[in-house]
Amino acid sequence: MHLCNQLQHNYTFSGQSLAFMDGGTMAQALIPWIVEYDRILLLDCVSVAGASVGEVFCFDFENVPSNITWAGSAHEVEMLQTLKLTALMGDLPPTTILGLIPEIVSDTTTFELSPKMLRGAQLAKEKALEILQQWGVRATPQPKPLSLQEIANNSYRMAL
């Protein structure tokens with residue numbers, strides 16, 4: 001969510017129509033939106049056997065690597081089921097998944113992102129911009145960018 005908000009806040013995009021959506025935990029409620037697009041770039045957390053916090057994985061939904069387990073949370077399983085259901089209906093557009101290995105939140109809830117997550121998110125942002133460029137989307141940096149930590153600290157307070 002924070003990476004999606006950071007991309008939307010820190011860049012203007014041109015060349016192709018582009019929409020950002022924080023799907024949160026909407027899962028199957030996203031299907032009516034998913035089917036309306038020509039392509040999907042899904043930014044999400046994923047579970048990967050043997051991977052470390054902050055590692056980034058990029059793959060097409062049609063070719064999910066066998067080490068992607070999607071078992072980290074109910075949300076991840078619901079998103080996988082949503083994509084599978086949409087594909088089963090024949091309505092899933094080409095979908096690229098850019099997944100980041102999350103850090104498990106301890107008993108103390110915080111908006112503070114760990115150094116590993118910040119490094120991973122930076123790599124994911126660079127990869128997202130690369131993918132969008134391949135799709136014909138031009139990204140122009142905004143004059144006053146916000147750091148991912150600033151986005152995380154304020155994303156619950158305001159619509160970015």
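What follows is a conversation about the predicted model shown above.

Visitor: Glad to be here; what should I know about the ground rules?
Guide: This is a predicted model, in which local features need pLDDT of at least 70 and side-chain atom pairs count only at pLDDT 80 or more, while totals for chains, interfaces and linings use all residues. Residues are numbered from 1 along each chain as its sequence is written, and side-chain values use heavy atoms, with hydrogens and water left out.

Visitor: In what order do the elements of the chain run from the N terminus on?
Guide: Helices (H or I, at least four residues) and strands (E, at least two) are DSSP runs, numbered from the N terminus. The chain comes to five helices and five strands. Their order is α-β-α-β-β-α-β-α-β-α.

Visitor: What percentage of the 160 residues in the chain is buried?
Guide: Buried means under 20% relative accessible area, exposed over 50%, and partly exposed in between, with a 1.4 Å probe and protein chains only. For the 160 residues of the chain, the buried share is 35%.

Visitor: Among contacts between residues at least 6 apart in sequence, what share joins residues at least 24 apart?
Guide: Contact means heavy atoms within 4.5 Å. Among contacts between residues at least 6 apart in sequence, the share that joins residues at least 24 apart is 78%.

Visitor: Which residues does S155 touch, not counting those up to four places away in sequence?
Guide: S155 lies in the segment after α5 (148-154), and it counts as buried because its relative accessible area is 14%. S155 and M1 are 154 residues apart in sequence, yet their C-alpha atoms are 8.9 Å apart in space. With the sequence neighbours set aside, S155 touches M1, H2 and N5.

Visitor: And which residues is H2 in contact with, leaving aside neighbours within four places in sequence?
Guide: H2 belongs to helix α1 (residues 2-10). Its relative accessible area is 19%, so H2 is buried. Leaving aside those neighbours, H2 is in contact with L148, I151, A152 and S155.

Visitor: Which residues form the aromatic cluster?
Guide: Rings of Phe, Tyr and Trp (its six-membered ring) pair if their centres lie within 6.5 Å; planes under 30 degrees apart count as stacked, over 60 as edge-to-face and the rest as tilted. The structure holds two aromatic pairs: Y11 and F13 have ring centres 6.0 Å apart and planes at 40 degrees, so this pair is tilted. F13 and F20 are also tilted, at 5.5 Å centre to centre and 50 degrees between the planes. The one cluster is formed by Y11, F13 and F20.

Visitor: Is Y11 buried or exposed?
Guide: The relative accessibility of Y11 is 13%. F20, at 27%, is partly exposed. With its 13%, Y11 counts as buried.

Visitor: Is M21 buried or partly exposed?
Guide: M21 sits in the loop between β1 (11-14) and α2 (31-34). Its relative accessibility is 38%, so M21 counts as partly exposed.
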